[in-house]
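Student: I would like a close look at one part of this model. Please take me through it step by step.

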Amino acid sequence: MTSLSVDLIASAILIGTIPRAMPILLAALGETLDQNAGILNLGVEGIMLMGAITAFTTEYFTENFVLAFIIAFAIGSLFSFFHAFASVSLKADQVVSGTALWFIGWGLSGVLYRFYFGNSPSPPVIQTLHHVSIPYLSNIPFIGRLIFGQDPIFYTVIMSLLFIHYFLFKTRIGLNLRTVGENPLVAKAVGVNPSLYRYLACMFGGGMAGLGGAYLVLTVVGSFFYDMTLGAGFIAVALVYFGKWKPLRVFVGSLLFGAVYVFYLTAETYFQYVPYQFIEMLPYLFTLIIILIAGTRAHSPASLGKPFHEE
Amino acid sequence: MNYLRLGQIFLSSLLAVLAGSILLSLFGIPPITGLTSLFYGGFFSEYGLNQTLQTMTPLLIMGIGLSVTFTARFWNIGGQGQYVMGSIISTWVGLSLSSVLPQSLLILVVLFSAFFAGALWSLPATLMKIYFGVNEVITTLMLNFVAVFLLDYLVVGPLQGPQSKALNAPASAPIPAKDMLGSLLPGGAIGYGLILAVFLAVIFFVLLNYTNFGYELKLMGQGYEVSSYAGVDTRKNIILAMSISGGIAGIAGMLQVFQINGVLLPQVFSDITTSYGYVAIPVALIASLNPIAIIISSLFFSGILTGAYSLELQYGIPIDIVTTLYGLVMMFTLIGMYLNLERLIKKT
């Protein structure tokens, strides 16, 4: 391999990483909120698919990407409402209800796609979001384009990342939320309503997963494919473990993952002697490895996945 | 109480299918017409019933396997990967030993190798959970992807048969006809694989309800700490349960090759209609993890799947509708079960 192609791979990774990391980051941030409140939502995969199909349809027919993101958020919240209802109000098993959401989203996104776009062999394409170059700053060599030349949603995501970090660890409500995840009885004793917190966290988190799907469609791929997330929702859940329930660590994890993903996209061209199926395994093997590294000393919210009994 | 529970599940499933059938009207089919056609195509036409009983075999076997780990609230979502590994190893062993062993012996060897392969594939997730506390849902799921890509490679690589190579088709060499499992009725309706599956259902019903191991698993379902206090070796039980569950999924993969397909074919992730490892999850859950009840739920689920094919052929309704139905059935039965139980507890 020549040094030129090494350069090409390196720059492709640097430029491609951030867009690839964003959908998973959005979903993982939502799941971080969820889990800090003690709710394990394994339906992220299905919710992302629903976000993707609704955002795609909205953008296709109205060409209004803000509306597309809003609708994707709403559908994510709606799906998670059912999860919250099952796991908070009914105290049902969260793994089961999450898996049910995954199946529903998986199937329904395909059904809706066929309803709107029929059975055409080549899917319709939408214009992906234009990149916004921030004047002057984006002219800084290398880093300039990387940080200041992304699409408008990127900046929103980074702001919400910082906001969620601030919210969880520096505000009273954030502390309450984490207490609900650790010990809902204590939270109740100090006058916090655990059920309300769990409902809101779950619905907001689900909305974020919907946004993740929307981002995937609107800015990365520009089209909808059946089951296009291919496990990204579960990888997002894995990132929460890797990030040890802290948003900034989750962000680092998502960047690592984005880099692996781009490497895998470019490697297929450059390592032709390796069967491509082995390269396609990479994101999943990588997830196994990072979750193993993180899992060794991870301390999860004590009441994660457990229903809250009032007595 | 038990009959009540069965009734609840039946009612919730029915409601879920009714709710799902509203989707049919999106495609201009009145829900009643669609439902009739779904059930006729799945259960009452001769071809449909035949197909349903075939699809039922892997679903039933994997459903039973999952019920073992699910009873201990250990979520093995990796049935798909274990099933794929079972099909790979059994094909490889079967093809290599076909000329050496007589059929009866070969099937036995293949069966054990498939069990071993499935059990082995479940091991990394088990160990990661036990020693590092890593969530098993994610690890087992990631291993599914790895297994499916491995299969993808093998059927165009080392395991590709000479005929498929000439046709450029991703498939292994066909299993010789003499090695294939037969069936009870002519036409292949009730294969020996299905009989084995029902037999396993009975065995596992006894295992879960009348043995110490089954009792310990149920205890673990109430919480690992509690059962540790009660003197249960939770680690040993998880390893055992997962190995059994994975091994049985491996056998399902072997039967798919040796009873139904006669050849090793690649898997498509997105295609739930062949991803029986995922379908087996709701199959086990809506049967309340009772192996005997899984006979019924697997029949129900495979019938819906077959029926959905005829819906697609007749009315052009996308087959994905069946995934939605599965999810809805799962959600509705979950809600149904917890809703009523709550009320019962409050009343008494």
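Student: Where in H11(B) is the kink centred, and about how many degrees is it?

Tutor: Keep in mind that this is a predicted model. The kink is centred on B:Leu255 and amounts to about 30 degrees. Now take the helix as a whole. H11 of chain B covers residues 234-261, which is 28 residues.

Next, the surroundings. Of the 28 residues in H11(B), 21 are buried. A residue counts as buried when 20 or more other C-beta atoms lie within 10 Å of its own. H11(B) is therefore largely enclosed by the rest of the structure. Just past the helix comes B:Gly262, with a positive phi of about 75 degrees.

Now turn to the side of chain B that touches chain A. Here 40 residues of chain B are in contact with 43 residues of chain A. Four helices of chain B each supply at least two residues of that side: H5 (103-132), H6 (136-154), H12 (276-286) and H14 (321-347). H14(B) gives the largest share, 13 residues. By class, this side of chain B has 30 nonpolar, eight polar and two charged residues.

A:Val186 sits in helix H8, residues 184-189. A:Val186 has 13 other C-beta atoms within 10 Å, so it is partly exposed. A:Asn176 is ten residues from A:Val186 in sequence, and their C-alpha atoms are 9.8 Å apart.

Methods:
Residues are numbered from 1 along each chain as its sequence is written. Chains are lettered from A and ligands numbered from 1 in the order in which they are written. This is a predicted model: local features need pLDDT of at least 70, side-chain atom pairs count only at pLDDT 80 or more; totals for chains, interfaces and linings use all residues. A residue is buried if 20 or more other C-beta atoms lie within 10 Å of its own, exposed if 12 or fewer, and partly exposed in between; C-beta atoms are placed from the backbone. Two residues are in contact if their C-beta atoms, placed from the backbone, lie within 7 Å. Ala, Val, Leu, Ile, Met, Phe, Trp, Tyr, Cys and Pro count as nonpolar, Asp, Glu, Lys and Arg as charged, and the others, Gly among them, as polar. The expected span of a helix is 1.5 Å times one less than its number of residues. The bend at a residue is the angle between axes fitted to the seven residues ending there and the seven starting there.
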